[in-house]
Amino acid sequence: MPEPIISVRDLHKSFGSLHVLKGVSTDVAVGEKLVIIGASGSGKSTFLRCLNHLERPDSGEIVIDGITLNDRETNINRVRAEVGMVFQRFNLFPHMTATENVALAPRLVRKLPDAECRENARAMLNKVGLSDKVDAYPATLSGGQQQRVAIARALAMNPKVMLFDEVTSALDPELVWEVLEVMRQLADDGMTMLIVTHEIRFGEEIGDRLVFMDDGRIVEEGSPHEVLRSPQHPRTQTFLNRVLW
């Protein structure tokens with residue numbers, strides 16, 4: 001068996017007296033699409049944020065592409081450069097065009113020439129279906145278009161892993177599909193993806209494996225079809241009965 005690109009063991013994280021992650025362990029293979037579902041407050045987003053140390057775990061081990069994140073010698077910025085993350089909010093710079101937003105990180109972090117960064121930015125915007133918006137400012141774009149720019153921005157770093165944290169939750173329902181379509185394309189291209197989502201049917205369609213989290217723990221996991229159609233844990237059953245039927 002090849003080594004997983006992500007390996008997490010006994011991960012714990014608290015915010016003051018609130019124990020958010022309570023011993024989370026999992027592996028993610030290269031090219032795998034791991035879908036993470038659960039109620040608000042179950043620890044899903046905190047888990048993703050720990051994977052690139054936007055939140056520093058209290059204990060446990062995270063290894064990404066052979067690099068141990070909690071090793072004092074580890075350059076966290078080097079790891080973050082390989083792990084793209086897309087958030088609920090787009091966080092685009094309003095004074096920059098779509099191209100400038102996408103080109104910024106490769107220029108600053110990877111120290112690539114400006115012309116190369118801009119050319120790559122336009123290619124990434126084309127990849128997410130925004131070739132006609134390369135010179136547009138965020139204020140002139142719909143929410144779905146802004147989120148696609150955010151995805152292009154993450155892709156511009158040529159990451160080995162993409163983390164998606166409820167990326168459609170801030171969008172109008174009519175705009176959700178265009179973002180999900182980009183994610184489908186990334187999945188078809190073989191990108192390793194961890195996807196926290198409330199779009200359960202999308203998770204069933206795209207995922208290789210589905211994890212249900214509750215109260216800071218992984219309660220149940222398996223193929224999306226197995227977990228969603230025949231959940232074994234009572235908490236999973238209760239959650240799915242409320243959100244699916």
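The dialogue below treats a predicted model.

Q: What volume does the second largest pocket have, and which residues are closest to its centre?

A: The volume of the second largest pocket is about 190 Å³. Of its 16 lining residues, V20, G41, S42, G43 and T46 are the closest to the centre. Strand 2 (18-28) and helix 1 (44-51) are the elements that each supply two or more residues to this lining. The class division here is two nonpolar, nine polar and five charged residues.

Q: How is the order of strands in a sheet to be read, and in what order do the six strands of the open sheet stand?

A: The order lists the strands as they lie side by side. Here six strands form an open sheet in the order 6-7-8-3-9-10, with mixed pairing. Strand 6 and strand 10 (217-222) are at the edges with a single partner strand each, so one side of each lacks a neighbour in the sheet. From one strand to the next, the twist averages 20 degrees.

Q: Which strand pairs in this sheet run parallel, and over how many bridges?

A: Strand 6 pairs in the parallel sense with strand 7 (residues 161-165) over four bridges, and M85 has L163 of strand 7 as its bridge partner. Strand 7 and strand 8 are also parallel, joined over five bridges; V161 stands opposite T192 in strand 8. Strand 3 and strand 8 are parallel over four bridges, with L34 and L194 as bridge partners.

Q: Which helix packs on this sheet, touching strand 3, strand 7 and strand 8, and what angle does its direction make with strand 8?

A: Helix 6 (residues 173-188) packs on the sheet, where it touches strand 3 (33-37), strand 7 and strand 8 (192-196). The direction of helix 6 makes about 145 degrees with that of strand 8.

Q: How many residues of strand 8 are buried, and how do they divide between its faces?

A: Five of the five residues of strand 8 are buried. T192, L194 and V196 lie on one side, while M193 and I195 lie on the other, so that both faces are covered.

Q: In what order do the strands of the four-stranded open sheet stand?

A: That sheet has the order 2-1-4-5 and antiparallel pairing. Strand 2 and strand 5 (67-68) are its edge strands, each pairing on one side only. Strand 1 (residues 6-15) and strand 2 run antiparallel and are joined by eight bridges; S14 stands opposite H19 in strand 2. Helix 1 packs on this sheet, touching strand 1, strand 2 and strand 4, and its direction makes about 120 degrees with that of strand 1.

Q: How does one read burial along a helix, and which residues of helix 1 are buried?

A: An α-helix has 3.6 residues a turn, so residues three or four places apart point the same way. In helix 1, six of the eight residues are buried, namely K44, T46, F47, L48, C50 and L51. H53, which follows helix 1, has a positive phi, near 60 degrees.

Q: Is N52 buried or exposed, and which residues is it in contact with?

A: N52 is located in the loop between helix 1 and strand 4 (59-64). Its relative accessibility is 5%, and because buried means under 20%, N52 counts as buried. Leaving aside neighbours within four places in sequence, N52 is in contact with L69, I76, R80, M85 and L163. Of these contacts, R80 and M85 are also among the residues closest to the centre of the largest pocket, and L163 is the bridge partner of M85 in strand 7.

Note on methods
Residues are numbered from 1 along each chain as its sequence is written. This is a predicted model: local features need pLDDT of at least 70, side-chain atom pairs count only at pLDDT 80 or more; totals for chains, interfaces and linings use all residues. Side-chain values use heavy atoms; hydrogens and water are left out. On a 1 Å grid over the protein atoms alone, a cavity is a set of points where a 1.4 Å probe fits but cannot get out, and a pocket is an open set with protein on both sides within 12 Å along at least five of seven lines; lining residues have an atom within 4 Å of a point. Grid points are joined across faces, edges and corners, and a volume is the space filled by probe spheres set on the points. Ala, Val, Leu, Ile, Met, Phe, Trp, Tyr, Cys and Pro count as nonpolar, Asp, Glu, Lys and Arg as charged, and the others, Gly among them, as polar. Two strands pair if DSSP finds at least two bridges between them. Axes are lines fitted to C-alpha atoms, for helices over the stretch in contact, and angles run from 0 to 180 degrees between N-to-C directions. Contact means heavy atoms within 4.5 Å. Buried means under 20% relative accessible area, exposed over 50%, partly exposed in between (1.4 Å probe, protein chains only).
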